[in-house]
Amino acid sequence: MDGSTNSLDDVSAESSTEFPDRLSLMEVRLQAQEDEITLLKSSLADALRKLRLHDQQIPLLKQQLIAVNPAAARVLNQSCYVDGFSKPCRLSTSSLDGFHHSSNRVRRNSEKSRDSQDKTKQRLSKKAASSTNLLTRSPSLESRAKDLISGTGSQGSRRGTQSQSIKMFIRGRPITMYIPSNILNYEELKMDLPSQKLDLDWVYGYRGRDCRANLYLLPSGEAVYFIACVVVLYHINKQTQRHYRKHTDCVRCVAIHPDKVRVASGQTAGVDKDGKPLQPFVHIWDSKTLVTLQQIGLGTFERGVGALAFSSSDAGTFLCVIDDSNEHMLSIWDWNKNIKHTEVKSTNEAVLAVDFSPTDTNNIISCGKSHVYFWTMSAGTLTKKQGIFGKYKKPKFVLCFVFSLTGDVLTGDSEGNILTWGKSAADIKTLGKGAKETFQIMKQTRAHEGSVFTMCVLQGGAILSGGGKDRKIIRWSADLAPERECEIPEKFGAVRTIADVDGEELLVGTTRNAILRGTFSDGFVAIVQGHVDEMWGLATHPNQNIFLTCGNDRQVCVWNAEDHKLDWCTTLEESGLCADFSPNGAVVSVGLSTGRWVVLDLQTKEVVSDLIDGNEQLSVMRYSPDGSFLAVGSHDNFIYIYNVTEGGRRYTRFGKCTGHSSFITHLDWSKDGKYIMSNSGDYEILYWDVASGCKLLRNRFESKDREWASYTCVLGFHVMGVWLEGSDGTDINALCRSHSESMVAVADDFCKVHLFQYPCPKPKAPSYKYEGHGSHVTNVRFTHNDSHLLSMGGKDTCILQWRVKGTGIGDHPKEHLASSSSLCSSSSSPENGT
């Protein structure tokens, strides 16, 4: 057995142990430390920038004061500097009152920056800031300086010309938002729910990379599988989807009742917004009506539900559940009555499968890392016997098993063997008269190169096996003589599971998150495909229902939102993290993890341009409205601007926007294509005059009335209300304003998609909240005509397509009103249908 196959098994098996929990905790701590370092650096840079701005203002103020009052200049010259901070002397001249307040204001801002650094060092967690979104009203420094320079003497006229601003605090850091001129009374603004809602239209993807026994075919013609928090029922002939959506975190396993109608699905525990673990459970539901019939195990299972099985010899009365705790507790439930009959510790090793004997409910088998157990239930207690491998090599993993029609048990293992376990008479001489018959290995059959990932018994008794390393599907006779075989294409990975359609046609789930349909003679084609690693890049076509996704698996995928299919896919040399379509729709630019970016032709799928900016990852690509410029935002703190010619196929460097003190996160172009608004990792909002040479606009007040062609910046006056109280600046990963400019969709760090009214400039704005993702939502985008919204999960590798609908159509069962003043735990909300 080679190392590559073992590594596949290890990844699959260890997913049910405590290792991912410890790894996740370490990742959270590392991210928190990186956030602290970033904030410390940015606070220092911010303080220095304010000092430089202050130094630049002093000569200007001196000149104006000299022109107005020469005596004031003599007083001004007495100002002293200590440690680089201005310490103005007392000024008694009434004409200098305005300057006195402005100078003190700059000094206070500088001291606040130093205080911010000290406070930042004391924060140990990402969620520590409690002052987020505390808003205060303040007159702008720029307006006060203008009044002073113009020599306005009337206090009343000064108040009349002052511009109002709002301060939003994130982690103690003030972010000033200037109120546009068309808003005459900010206090009287009312934040309403958006006039549209979302309805889940399609789910792209399948979780085959680390889950087993996760694909079944119902008599209705629907394939049952899951990804993220959704169990999908996909009609393979009609090509339609229905969705069971009552789970609050990622679904890990499903089981089909003997009546082929009822379904059991178990989920992982997950965590709430404060990082505390939530309780996992199992739902039993009707596949025809999608009605939940029973919820069992809430408060009983730990970490998650790893394996499920209905009994079959008694019409499915019992359900066996194995959780993901250290002891992998095995419990038997009368699920209809919600009564737990018995519970016992299983093993400290990973458990991969469990099932009842088809002829006796009292006999259960489980298997996993280095074991196969034969359980007997008697008088409400469970006893186990371990399978003895004897002269046969003990495999690292027993990955799957089936019951043959002759009553034997067949196991598939990581050595590539199928072992036949048969009942043998008890050794009465050694064990005494009370000894019972046991299962022993009767035969070893070499089946695959690499692991045997799955087995399936056909109606006539024939057996199918699916391989890992060799990617083969082999049909065996009842006595394990090979009859036929085929190999699935390498790009789909190994065979994860097999579902029999009609004896000839098969459904095959693969380890690279694809579902294939086909036969031995005709081969297999993909009917479901998805990414296999974390995704961040999402772009929608300017005039077609087409969208593009890219991520850490190096795949760039172009999807058809109308046909719900993958149009084409290409693999790059590096991870793709961001993308944008050219306004003419002919090309798309993709930013990669190394500072490199490529431009792909949508028709030929070829790379028409390949450039590099810096050596750090790129975070945003954005074309100007007319397509003449491309802005490239990088983690090296710069925005690179390119001239675009030849229909998006030729790029020449125009300039570079320099001024951010942290990495670029989001940016948008103005409608006239002359200006850019950008956000950075330290919560800055900066504006740039691109047409005049990529100049930083130091007076942000002048940009308050500018109109933006798109709105994806997460920080700005128009979207200030989307921030939830207690957020730390990283809790919103992306947002997108609709093309109609009537709503804004938000992707948050807590697996939710929000829909707000646009503009949304006041705190605690109401929103509709939608569930379905099982990981942080990394991006959202509206299609060109606002008919649909696309949302993308990070580690759940799931793309959800939401239909935008009017309020008159009726509420969706998974949506409920969410106030930005709180983050309700999805596991306890009755409106979530739990």
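Two exercises with worked solutions follow.

The model is predicted: local features need pLDDT of at least 70, side-chain atom pairs count only at pLDDT 80 or more, and totals for chains, interfaces and linings use all residues. Residues are numbered from 1 along each chain as its sequence is written, and side-chain values use heavy atoms, with hydrogens and water left out.

**Exercise 1.** Determine the strand order of the open sheet of 4 strands.

Solution. 
- Strands are DSSP runs (E, at least two residues), numbered from the N terminus, and two of them pair if DSSP finds at least two bridges between them.
- The order is β35-β36-β37-β38, and the pairing is antiparallel.
- β35 (535-540) and β38 (565-571) each have a single partner strand, so one side of each lacks a neighbour in the sheet.
- β37 (residues 555-560) is joined to β38 by 6 bridges; V556 stands opposite T570 in β38.

**Exercise 2.** Describe the largest cavity and its lining.

Solution. 
- A cavity is a set of points on a 1 Å grid over the protein atoms alone where a 1.4 Å probe fits but cannot get out; lining residues have an atom within 4 Å of a point.
- The structure holds 1 cavity of 30 Å³ or more.
- Of its 14 lining residues, Y178, Y687, S703, K704 and F717 lie nearest the centre.
- β5 (173-178) and β49 (685-689) are the elements that give two or more residues to this lining, and β5 gives the most, with 3 residues.

Note on methods:
On a 1 Å grid over the protein atoms alone, a cavity is a set of points where a 1.4 Å probe fits but cannot get out, and a pocket is an open set with protein on both sides within 12 Å along at least five of seven lines; lining residues have an atom within 4 Å of a point. Grid points are joined across faces, edges and corners, and a volume is the space filled by probe spheres set on the points.
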